[in-house]
Amino acid sequence: MDLQECLARKDSGQIYFPEPELVDAQQKVLELQYDFNATRPAEQEKRQQLLKQMFAEIGEGCYIEPPLHANWAGQNVHFGKNVYANFNLTLVDDTHIYVGDGVMFGPNVTVCTGTHPVHPELRARQAQYNLPVHIGSYVWVGAGAVILPGVTIGEGSVIGAGAVVTQDIPANVVAAGVPCRVLRPITEQDRQYYGKGRAVDI
């Protein structure tokens with residue numbers, strides 16, 4: 001199987017195997033990620049240039065705090081504008097991850113698209129399949145949350161720290177837990193009061 005066939009199968013949701021051509025292509029893009037993670041804090045311009053080479057799409061005003069860990073160095077990641085990611089964002093980007101404008105990732109968040117069959121005989125052959133993830137604009141993903149393959153999170157929602165998101169989450173809700181579930185809608189009261197009843201005064 002040539003590289004193009006491998007890549008097509010990788011993005012199709014079908015089972016595939018780590019062909020040597022695929023592994024070689026992955027290693028090449030990971031060199032850029034290594035360079036990004038080795039930048040100094042003052043090298044902001046260099047970071048931005050590297051991110052433009054690494055990511056499929058990255059909008060203006062995005063900030064990713066190294067270290068960043070991505071299976072394909074962001075080659076399958078599509079960020080909108082003004083996305084912020086704290087330390088240790090892990091993107092298992094074996095297929096596409098779509099992130100809207102103004103999304104915030106807390107530290108140690110993991111977004112997975114790659115997964116494996118349950119049957120051990122298939123896993124012994126390193127079988128894998130991938131499902132895309134969609135995160136709407138202005139979502140806040142709390143520290144340590146894990147987003148699993150195939151999930152869509154609606155715009156404006158909050159995913160609580162440590163949540164494991166196994167299914168779709170609608171727009172404009174607060175969701176948390178293991179597995180992640182909707183706790184309540186975001187309301188006008190949230191515009192008037194922020195954390196623990198403190199009034200918004202600006």
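A search of the whole structure, which is a predicted model, finds 3 salt bridges. One of them joins the side chains of lysine 10 and aspartate 11, with an N to O distance of 3.4 Å. Lysine 10 is buried, at a relative accessible area of 2%, whereas aspartate 11 is partly exposed, at 34%.

Another salt bridge links arginine 184 to aspartate 190, and here the closest N and O atoms lie 2.9 Å apart. Arginine 184 counts as partly exposed, with 36% relative accessibility. Aspartate 190 also counts as partly exposed, with 29%.

Glutamate 188 and arginine 191 form a salt bridge through their side chains, at 3.2 Å from N to O. Both residues belong to helix H5 (residues 188–192), and because they are 3 residues apart in that helix, about one helical turn separates them. The relative accessibility of glutamate 188 is 45%, so this residue counts as partly exposed. Arginine 191 has a relative accessible area of 62% and is exposed.

The protein chain contains 5 helices and 21 strands. Its radius of gyration is 18 Å, close to the 17 Å given by the globule rule for 202 residues, and the chain is therefore as compact as a globular protein of that length. Taken along the principal axes, the box filled by the C-alpha atoms is roughly 60 × 45 × 20 Å. Buried residues make up 41% of the 202 residues of the chain. Among contacts in the chain with a separation of 6 or more, 27% are accounted for by residues 24 or more positions apart.

The largest nonpolar core comprises 44 residues, and the members that touch the most other members are Phe55, Phe79, Leu91, Phe105, Ile135 and Ile159. Two or more residues of this core come from each of helix H2 (20–37), helix H3 (44–54), strand S3 (68–70), strand S4 (77–79), strand S6 (89–92), strand S7 (97–99), strand S12 (133–135) and strand S18 (173–176). The element that gives the most is H2, with 4 residues. For isoleucine 159, residues up to four places away in sequence being left out of the count, the residues touched are Trp140, Val141, Gly142, Ala145, Ile153, Val165, Ile169, Ala175 and Cys180.

Helix H3, one of the elements that give two or more residues to the core, has buried residues at Arg47, Leu50, Leu51 and Met54. These residues lie on the same side of H3, because the arc they cover around the axis is only 105°. The elements that cover the buried residues of H3 include H2, strand S1 (57–58), strand S2 (63–64) and S3.

Conventions. Residues are numbered from 1 along each chain as its sequence is written. This is a predicted model: local features need pLDDT of at least 70, side-chain atom pairs count only at pLDDT 80 or more; totals for chains, interfaces and linings use all residues. Side-chain values use heavy atoms; hydrogens and water are left out. A salt bridge is a side-chain nitrogen of Lys or Arg within 4 Å of a carboxyl oxygen of Asp or Glu. Buried means under 20% relative accessible area, exposed over 50%, partly exposed in between (1.4 Å probe, protein chains only). A nonpolar core is a set of buried Ala, Val, Leu, Ile, Met, Phe, Trp, Tyr and Cys residues joined through side-chain atoms within 4.5 Å. Contact means heavy atoms within 4.5 Å. The radius of gyration is taken over C-alpha atoms; the globule rule is 2.2 Å times the number of residues to the power 0.38. The arc is that of the directions from the helix axis to the C-beta atoms.
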